Amino acid sequence: MRMLVTGAAGFIGAKVAAELLDRGHEVVAIDNFDTTYSAELKRQRAERLRARDGFRLVTGDIRDETAVRSMFDPLPEVVVHLAAQGGLRKSMDEPAVFISANVSGFGNVIKATVDAGVGSLVYASSGAVYGGTPGLPFEEHDAAAFPLSLYGATKRCDELLAFTYAHGAGLRCTGLRFSTVYGTDGRPDMAMYTFARLISQGQPIRVHGHGQMVRDFLWGDDAAHAVVLAAEDRSGFGTTPAAGGPRQEVSSAPWRVLNVATGRQVGLMEMVRLVETAVGRRAELEMVDALAAEVRENRMDVSALGTTLGFVPSVQVEEGIPQAVRWYLSYLGAATS
Ligand SMILES: NC(=O)c1ccc[n+]([C@@H]2O[C@H](COP(=O)([O-])OP(=O)(O)OC[C@H]3O[C@@H](n4cnc5c(N)ncnc54)[C@H](O)[C@@H]3O)[C@@H](O)[C@H]2O)c1
C-alpha cells in the first residue's frame, strides 16, 4: 500500500516509516524539521530513510494547506498523521504554536484526506487527554473531558474533529492515545535523557511530584508497531462509546480511540534507578512539586489494543531504559564532540 506519513522525521514517525518500508509499503512523507529539539537529528533520521527504495519526503508544514494537499498526488491509501508539537509545560507557555500545529494542522490533514477520497486516517493522540479523569486505569470509554495541559486539550480536540468527519464523510478514524514513548533515536528533550545527562555530569536532577508519579513507558519500536498495525487494519468498526456513546443513529460512525501502552506501571523513582544503573553513577535528587499540567498517575487499560489490533509490547523498561540511555549518551558525545 502507499501510505502518507506526517512527522516522518520525528522519533516515532521515522520508526513507523522504516517498519512500513520493511513490510513492503511505499511511504510518502512530510515534515517541517521543527527545531523544538535538534533538527540535525531529524535530518539524520530522514537521510537513513531516503536511502531506501519506496520512500519520499517533502519538507513542508502541515499548517500550510497547499503543502498538505500536494501530498495526495499520487493518492495514498492510508494517512498516518504524527506531526505535532509536544511538551506539557511548553504548551501552557506557547498556546498559539500548539493550537496552530496540533489543531489547525490536523484540520488541514483530515480535510485533505476526505477530499482526496482516502478512506482511512490513523493519528497520534495522547494519554494526556485523560488528565483529571477520575478512576484508574484510564479507559477509552471515559469522557476524557478534563485534560490538564493545553497539549492534551489539543489532542482531545483532534479526536472530536475526527468524529465529525467519521460521521459526515465515513472516514475511518483511529486515534492512538500513546503513553510515554521512549527509546533509541529518541527525543533528547525527554526527562529520561535529561536525567541521564545530569547524572553523568554529577549534577542534581529535579524529580517532579517528589518521585511519586507513575508512568507507563512504551518502547519506541513497539509504539511504531502499533501504528503500523492500525494503518494496515482493514476491519470495520463503529464508534467507541466514550462518555456513554453517541445517539443510536450516529453510533455507526467509524471512529475509535485506542490506548497504546504496555499496561505496566513504573514509578518515577524506578525509572531514575534504572537510569542511574545505566549511567553507572548515583543521582543527587532534588525533590520538587509536580507541574499543574502533569498527571500524577498514568495507568492505561490496554485490553482494547490487544483485542482489536493484536498488539503485544515486546520490550519492558529493564531492557529498554539501559538501551535508551546508552543511545542517548553516545548521541550526546557525538553531538558535543
Ligand atoms: N513521544 C511520546 O511520548 C508521545 C506521547 C504521546 C503522544 N505522542 C504523539 O506522537 C506523535 C509523534 O511524537 P514524537 O515523539 O515522534 O515527536 P517528534 O517531535 O519526534 O515528532 C514529530 C515530528 O513532527 C514534525 N512537525 C512538528 N510540527 C510540524 C508541522 N507544523 N508541520 C510538519 N511537521 C511538523 C517535527 O519536525 C517532528 O519531526 C506526536 O503527535 C506526539 O504528540 C508522542
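Does Cys173 count as buried or exposed, and at what relative accessibility? In this predicted model, in which local features need pLDDT of at least 70, side-chain atom pairs count only at pLDDT 80 or more, and totals for chains, interfaces and linings use all residues, Cys173 counts as buried because its relative accessibility is 0%. Residues are numbered from 1 along each chain as its sequence is written, and side-chain values use heavy atoms, with hydrogens and water left out. Buried here means under 20% relative accessible area, exposed over 50%, and partly exposed in between, with a 1.4 Å probe and protein chains only. Cys157, with a relative accessible area of 26%, is partly exposed.

The structure holds zero disulfides, a disulfide being a pair of cysteine sulfur atoms within 2.5 Å. The sulfur of Cys157 has its closest cysteine sulfur in Cys173, and because 14 Å lies between them, they are too far apart for a bond.

The ligand is surrounded by 28 residues, each with a heavy atom within 4 Å of it, and the closest are Ile12, Asp31, Tyr37, Tyr151 and Lys155. Strand S5 (120–126) is among the elements that supply at least two residues of this shell, and S5 gives the most, with three residues. A polar side-chain atom of Lys42 lies 3.0 Å from an oxygen atom of the ligand, while a polar backbone atom of Ile62 is 3.0 Å from a nitrogen atom of the ligand. Of the 820 Å² of accessible area that the ligand has on its own, the protein covers 95%, as computed by the Shrake-Rupley method with a 1.4 Å probe.

Methods: A polar contact is a pair of N or O atoms within 3.5 Å; within protein, one must be able to donate a hydrogen and the other to accept it, and residues adjacent in sequence count only if both atoms are side-chain atoms. Helices (H or I, at least four residues) and strands (E, at least two) are DSSP runs, numbered from the N terminus.
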